[in-house]
Amino acid sequence: AKTIDVAGMVDLAFDHRRQFEELLDSLRGTISFDLETTGLYPWAEDFDITSVGFGTAAGEFVIPPPFHRESPWTQDAFEDMLEEIGEQLGDCIVVAQNGKYDYLCLWVRYGINWTEHHDFDTMLAHYILDENSNHGLKFLAQLFCGAPDWDVDLDTKKGAGGLDRQALYHAHDLYYTRKLKSILDKKLAKDPDVKRVFDYILMPAARLFTEIEYDGLYLDLDKFDDAEIYLRDQVAKAEKELDKFTPKDRVDKRGRPVEFNWGSTKQLA
């Protein structure tokens with residue numbers, strides 16, 4: 001485990017078991033969880049996780065999986081660490097930014113299902129507060145926390161660069177994800193109705209969709225065919241009803257007939 005202070009102090013002793021035990025001791029209260037990966041599709045043949053991170057009150061911890069060329073961990077040791085971490089998460093409020101993706105990646109790559117620990121999502125919280133705005137982590141961190149732009153090149157995010165640079169980048173993601181939770185929580189609290197939708201619909205739906213993306217879902221194809229027939233019939237009836245109100249004898253400037261298009265907002269106006 002590697003600990004990083006976003007103020008600039010970096011502990012290089014990432015191959016020491018003591019550091020990992022510090023992480024375990026820190027997994028309490030509100031924590032953030034985030035992954036760095038080689039791509040966006042976890043079923044791709046060349047997909048892998050390049051770092052697993054946790055933001056805590058004691059600092060940010062980044063674990064380089066065996067895939068990373070600088071990782072000191074064997075596959076067995078890394079999977080054992082994930083198992084130990086999973087046992088601690090029940091005592092935490094776990095915050096993520098677009099966590100559905102991270103939980104799905106971990107599940108697909110290592111068979112570990114932490115979906116039940118997806119407690120708060122900063123992207124979804126901001127979406128329900130202001131659906132028309134940008135919901136990216138860096139945008140939110142700069143908007144609400146005055147954060148600098150800590151972005152790095154794509155190769156570093158994918159684990160091809162140095163571990164120090166990637167870990168420091170990842171630490172910023174973790175730090176601001178955790179910090180945004182308290183800010184967005186206060187905004188949600190100002191509107192109890194919106195907060196109820198977030199707590200009882202949006203977050204459960206995010207957890208459900210992670211499971212759906214992993215497991216798939218059953219479809220009755222015969223019912224699909226029936227539904228298509230029904231919907232096409234409804235469309236035909238609606239178009240016939242609209243035809244009663246369709247302007248007749250419309251022509252263009254040259255006197256040619258113009259067919260009225262109900263899908264045209266200009267014509268509809």
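A residue counts as buried when its relative accessible area is under 20%, as exposed when that area is over 50%, and as partly exposed in between. With this scale in hand, the present model, which is a predicted one, can be described from the whole chain down to single residues.

The protein chain is built from 10 helices and 6 strands. The box filled by the C-alpha atoms, taken along the principal axes, is roughly 85 × 45 × 40 Å. Of the 269 residues, 39% are buried. Among contacts between residues at least 6 apart in sequence, 64% join residues at least 24 apart.

The charged side chains comprise 31 positive and 51 negative ones, and the centres of the two sets lie 10 Å apart.

A disulfide is a covalent bond between the sulfur atoms of two cysteines. With a limit of 2.5 Å between cysteine sulfur atoms, the count for this model comes to 0 disulfides. Cys 92 has a relative accessibility of 8%, and because this value is under 20%, Cys 92 counts as buried. Cys 105 is likewise buried, as its relative accessible area is 0%.

Lys 157 belongs to helix 6, which covers residues 154–157. The relative accessible area of Lys 157 is 18%, so this lysine also falls under the 20% limit and is buried. Leaving aside residues up to four places away in sequence, Lys 157 touches Glu 36, Thr 37, Thr 50, Asp 151, Val 152, Gln 166 and Tyr 169. Ser 32 lies 125 residues from Lys 157 along the chain, and the C-alpha atoms of these two residues are separated by 18 Å.

Most residues other than glycine have a negative phi. Asn 98, although not a glycine, has a positive phi of about 55°. This asparagine sits in the loop between strand 5 (92–96) and helix 3 (99–110). Its relative accessibility is 30%, a value between the 20% and 50% limits, and therefore Asn 98 counts as partly exposed.

Conventions
Residues numbered from 1 in each chain as written. Predicted model: local features only at pLDDT ≥ 70, side-chain atom pairs only at ≥ 80, totals over all residues. Heavy atoms only, no water. Helix = DSSP H or I, 4+ residues; strand = E, 2+ residues; numbered from the N terminus. Buried < 20%, exposed > 50% of the residue type's maximum accessible area, 1.4 Å probe, protein only. Contact = heavy atoms within 4.5 Å. Lys, Arg positive; Asp, Glu negative; His and termini not counted. Charge placed at Lys NZ, Arg CZ, Asp CG, Glu CD.
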